Amino acid sequence: MAEATENKQYVALARKYRPQQFEDLLGQDALVRTLTNAIQSNRLHHAYILTGIRGVGKTTTARLIARAINCIGADGKGGPTIHPCGECENCKAIAADRHIDVIELDAASKTGVDDMREILDGVRYKPVSARYKVYIIDEVHMLSKSAFNALLKTLEEPPAHVKFIFATTEIRKVPVTILSRCQRFDLERLSIETLMTLFHKILVAEKIEAEEEALRIVARAADGSARDGLSMLDQAIVLGNGRIDTKIVKEMLGLADRLQTFGLYEKLLEGDVAAVLENLQEQYKNGATPMVILQDLIDITHLLAKIKVLPDFINDPSVSENDREMCKKLCAAPINILSKIWQMLIKGLSELQYANVQIDALEMILLRIAYSAGLPTPAELLKELKKKIRTE
Ligand SMILES: Nc1ncnc2c1ncn2[C@@H]1O[C@H](COP(=O)(O)OP(=O)(O)O)[C@@H](O)[C@H]1O
Ligand SMILES: [Mg+2]
Ligand SMILES: [Zn+2]
């Protein structure tokens, strides 16, 4: 699946491993299934809109569609196919971004109505060498109002030889009039397991050694974006001299030591204020940023609460071995305390953002929690109160 690289120059993994077939597009099963059906039965919509966070495969999908509908096969006789051959002139030109009939533009830089008119002017002309003229418009939500209106006219009566593929990270900013004329695909965040699969596949191809824990940390930090995950791997490979190492990845991401953060959590639940502050200072000294520690604490709270409600979740593959051990230890925490901690931590997020000295702000947030976590819950208070009334 890698594009050939002639020279020794380092090519970013995300670029080198852009999926060249629908099978390589991970985690977007619904989209792949629907497109496969549409292409096989030759019932393609004239306009698609792809939405999702950055780095989940929008541009990749747009190019794959362009190839699938324009591939003529190695012998020049093939029709549209879900498995573009990669050898015919159309496939090669589209992959190299130089096909005259596949027009890709970034709405972020061409927002005006004049740009749009100029582009749409070409819509009437038949494709030069492809079956369909394909217009790929990235970040389509950035178009100006008048540009949208110009586009709308064309979308109402598109010539049969034209396909539009729009991509956006902000679907809510796209006018309904446009949306109603497109078939919409929501690309999903890639799960931690899917990202791990992708990483393994690429690292095997690159013959790069990696620690499992390091990959999991990167997968978690990527927050669903394949591109972000692969960029982090690029960085980790350089820093680790060709090897992906847990310690280096942690340093690189300014990551708190997860085990230590679990320790912090334990002390927090116990209301052991001195130990909480000591743990925090220790982590800070070792380079963890307050924001990352706070986010880890939020993550742990969520994990504990989830396991509380769904005990089987502790065996879910997305829960790392270390997390599992620690969760077992902390699972006695009652759900109402967890939800109280959650609220206070979430509130802490914005406090931290506006604080001059973040570590001090985090100290205050944790103090507040440590002092209140051990407090009786409203229900317990009520019980106490009733007891008192009865005895009086
Ligand atoms: N679903 C996916 N499966 C495998 N790799 C992906 C996927 N989505 C993104 N990538 C990787 O990330 C890179 C950027 O993807 P791209 O399609 O440009 O993202 P988007 O347009 O959604 O921001 C690709 O070249 C590929 O390496
Ligand atoms: Mg893109
Ligand atoms: Zn082809």
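The model is predicted, and its largest pocket has a volume of about 990 Å³, while the second largest pocket holds about 520 Å³ of space. A zinc ion (ligand 3) is coordinated by the SG atoms of Cys71, Cys85, Cys88 and Cys91.

**Largest pocket**

- The largest pocket, with its volume of about 990 Å³, is lined by 37 residues, and the closest of these to its centre are Ile192, Arg220, Ala221, Arg258 and Asp299.
- Two or more lining residues come from each of the elements α8 (192-206), α9 (212-222), α12 (258-270), α14 (290-309) and α15 (321-330), and among the contributors to this lining α14 gives the most, with eight residues.
- Sorted by class, the lining of the largest pocket consists of 17 nonpolar, seven polar and 13 charged residues.
- Because domain 2 (192-252) and domain 3 (258-378) both give residues to the lining, the largest pocket lies between these two domains.

**Second largest pocket**

- The second largest pocket has 25 lining residues, and those that lie nearest its centre are Arg18, Gly55, Gly57, Thr60 and Arg227.
- At least two residues of this lining are supplied by each of α1 (13-16), α3 (58-70) and α10 (226-239), with the largest share, four residues, coming from α3.
- By class, the lining of the second largest pocket comprises ten nonpolar, five polar and ten charged residues.
- Domain 1 (28-186) and domain 2 (192-252) each provide at least three residues to the lining of the second largest pocket.

**Zinc site**

- The zinc ion (ligand 3) has Cys71 (SG), Cys85 (SG), Cys88 (SG) and Cys91 (SG) as its donors, at 2.3 to 2.4 Å, and along the chain these donors follow the spacing C-x13-C-x2-C-x2-C.
- Cys71, in the loop between α3 and α4 (89-95), and Cys91, in helix α4, are 20 residues apart, and this pair links distant parts of the chain.
- The four donor atoms subtend angles of 99 to 120° around the zinc ion (ligand 3), which makes the arrangement tetrahedral.
- For comparison, the ideal angle at a metal with four tetrahedral donors is 109.5 degrees.
- Cys71 has a relative accessible area of 1% and is therefore buried, and Cys91, at 1% relative accessibility, likewise counts as buried, the cut-off for this class being under 20%.

Key: Residues are numbered from 1 along each chain as its sequence is written. Chains are lettered from A and ligands numbered from 1 in the order in which they are written. This is a predicted model: local features need pLDDT of at least 70, side-chain atom pairs count only at pLDDT 80 or more; totals for chains, interfaces and linings use all residues. Side-chain values use heavy atoms; hydrogens and water are left out. On a 1 Å grid over the protein atoms alone, a cavity is a set of points where a 1.4 Å probe fits but cannot get out, and a pocket is an open set with protein on both sides within 12 Å along at least five of seven lines; lining residues have an atom within 4 Å of a point. Grid points are joined across faces, edges and corners, and a volume is the space filled by probe spheres set on the points. Ala, Val, Leu, Ile, Met, Phe, Trp, Tyr, Cys and Pro count as nonpolar, Asp, Glu, Lys and Arg as charged, and the others, Gly among them, as polar. Domain bounds come from an automatic or database domain assignment. Donors are N, O and S atoms within 2.8 Å of the metal (3.2 Å for Na, K and Ca); water is not among the atoms, so sites may look incomplete. Four donors count as tetrahedral if all angles lie between 85 and 135 degrees; four count as square planar and six as octahedral if opposite donors are over 155 degrees apart and all others between 65 and 115; anything else is irregular. Buried means under 20% relative accessible area, exposed over 50%, partly exposed in between (1.4 Å probe, protein chains only).
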